[in-house]
Amino acid sequence: SHSFDKVLLLGILEHLPDEYKKLVIKEANRLVKRKGTIYLVVNNKKSIFLKLVKKWKKPMQKKSGYYSSLMDPCKTAAYLKSLNLKVSIVSSNLYYSILLHALDKIDHTLISKSDINKIAELFEHCIDLDVNKHRNKLSKLYESLEEKFADQYFLLATRK
């Protein structure tokens with residue numbers, strides 16, 4: 001208990017049935033030291049893009065044991081707050097998601113090697129926008145877009 005400065009829940013919660021998600025978050029809270037931080041990546045239940053992907057359409061477990069579901073970032077933040085954690089939604093992957101899903105619809109054999117390098121730079125730029133520039137004074141303008149188009153949110157929860 002209370003042994004770690006940081007606990008990472010990155011890309012894990014969406015692979016757990018709902019009844020275990022809260023238990024895992026609660027366990028992360030037990031593990032983290034006072035003033036320590038839990039880092040979470042939460043797949044966005046309201047993403048228009050993710051709703052179209054077969055594995056995310058409804059929570060389910062395959063025969064192989066693989067489980068997939070989506071989460072509501074605001075409800076997750078509220079649950080973290082109920083555990084007396086200081087919570088902030090740091091960023092989303094709004095720009096990255098839009099580019100990713102737009103390119104997903106293109107026949108990739110039609111893209112030249114030169115264009116692939118430029119697209120890679122564009123992805124880097126989108127990541128930079130998502131991480132460094134999005135959560136500034138303009139972010140209020142993008143909140144409704146973020147809710148609809150971002151695939152993931154990055155949250156921090158710090159023990160008081």
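Student: Before the fold, how are helices and strands defined here?

Tutor: Helices (H or I, at least four residues) and strands (E, at least two) are DSSP runs, numbered from the N terminus. The model is predicted: local features need pLDDT of at least 70, side-chain atom pairs count only at pLDDT 80 or more, and totals for chains, interfaces and linings use all residues. Residues are numbered from 1 along each chain as its sequence is written, and side-chain values use heavy atoms, with hydrogens and water left out.

Student: Which pattern does the chain follow along the sequence?

Tutor: The pattern reads β-α-β-α-β-β-α-β-α-α-α-β, which comes to 6 helices and 6 strands.

Student: What box do the C-alpha atoms fill?

Tutor: Along the principal axes, the box is roughly 55 × 45 × 30 Å.

Student: Now the helices. How do the axes of α1 and α3 cross?

Tutor: Helix α1 (residues 18-31) and helix α3 (residues 73-82) have axes that come within 11 Å and cross at roughly 45°. Axes are lines fitted to C-alpha atoms, for helices over the stretch in contact, and angles run from 0 to 180 degrees between N-to-C directions. The two helices are therefore oblique to each other; angles under 35 degrees count as roughly parallel, over 145 as roughly antiparallel, 65 to 115 as roughly perpendicular and the rest as oblique.

Student: Which residues make the contact?

Tutor: Helix α1 contributes Lys 22, Ile 25 and Lys 26, and α3 contributes Thr 76, Tyr 79 and Leu 80. Contact means heavy atoms within 4.5 Å.

Student: Is Thr 76 buried or exposed?

Tutor: Thr 76 is buried, with a relative accessible area of 6%. Buried means under 20% relative accessible area, exposed over 50%, and partly exposed in between (1.4 Å probe, protein chains only). Leaving aside residues up to four places away in sequence, Thr 76 touches Ile 25, Leu 40, Val 42 and Met 71.

Student: Changing topic: which members of the largest nonpolar core touch the most others?

Tutor: Of its 22 residues, these are Ile 25, Ile 38, Leu 40, Leu 80 and Leu 155. A nonpolar core is a set of buried Ala, Val, Leu, Ile, Met, Phe, Trp, Tyr and Cys residues joined through side-chain atoms within 4.5 Å.

Student: Which element gives this core its largest share?

Tutor: Strand β2 does, with 4 residues.

Student: And what does Leu 155 touch?

Tutor: Not counting residues up to four places away in sequence, its partners include Ile 38, Leu 40, Pro 73, Leu 80 and Ile 89.
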